[in-house]
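Please open the structure in a viewer and keep the selection tool at hand.

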Amino acid sequence: MSALCLILGNKNYSSWSLRPWLVMKHLGLDFDEIIVPLLQGNFKEELLTHSPSGKVPVLKVDGQEIWDSLAICEYLNEEYPNANLWPIDKSARAHARCISYEMHSGFFNIRNDMPMNMRRARGNFQASPICQAEIDRVLAIWTDCRENYGQNGPFLFGDFSIADAMFAPVVSRFETYDIAVEGAAKAYMETILNMAHLKEWREAGAVEEWVMDVAEV
């Protein structure tokens, strides 16, 4: 058994679980996974045995539970400071945190109207005006970061960072729902979609048998 254990939801649906999983894979960590299928059976009771929040993801390490995607990512940043999970430059680092926290606390219409579902057939989606406004904001974030901070690599701040992990599920959503994307934002999406670790996650989600009706829109 590994000293690290990540409690996850269904890989096909759980966008919050994907975020720290990508960071841990990027770090090359050896960790165990426990999948608790969301909205299946007594999932809530099972999750409460892992975390007081009753939500995924949860990182178990040295007898401690760390819940919430961003909290796990920040813990990993402190544990592995030489990995530069946030940009080295102070200004870029502040900007990366701003957009990551904005992602963490906002974009409710994207989440509600475009639930992550990697098995969903592409297209056949019409965004409401308020959802489209959030889509436009995400595209503006990606374009701004690529133009102002991405000179040294293909990610938002050049090298892979927590910010990319925070937006990876949105990239998946935009691909699934066939959102029109151009220019720097489109190139960024292709970078994320071509990541080996994201492909690994999506392939695992594609063969899961669990179904969440609320995400089958």
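Begin by selecting Asp68 and Leu70: at the start of helix H3, a side-chain oxygen of Asp68 comes to within 2.9 Å of the backbone nitrogen of Leu70. The model is a predicted one, in which local features need pLDDT of at least 70, side-chain atom pairs count only at pLDDT 80 or more, and totals for chains, interfaces and linings use all residues. Residues are numbered from 1 along each chain as its sequence is written, and side-chain values use heavy atoms, with hydrogens and water left out.

Next, select the whole of H3, residues 69-79. Helices (H or I, at least four residues) and strands (E, at least two) are DSSP runs, numbered from the N terminus. Eight of the eleven residues of H3 are buried, so this helix is largely enclosed by the rest of the structure. Buried means under 20% relative accessible area, exposed over 50%, and partly exposed in between (1.4 Å probe, protein chains only). Among the buried residues are Leu70, Ile72 and Leu76. Their cover includes strand S1 (4-8), helix H1 (15-27) and helix H7 (162-176).

Now move to Asn148, in helix H6 (residues 129-149). Asn148 is partly exposed, at a relative accessible area of 45%. Its side chain is joined to that of Asp144 by a polar contact of 2.7 Å (a pair of N or O atoms within 3.5 Å; within protein, one must be able to donate a hydrogen and the other to accept it, and residues adjacent in sequence count only if both atoms are side-chain atoms).

Finally, select Trp142. Leaving aside neighbours within four places in sequence, Trp142 is in contact (heavy atoms within 4.5 Å) with residues including Leu156, Phe167 and Met189.
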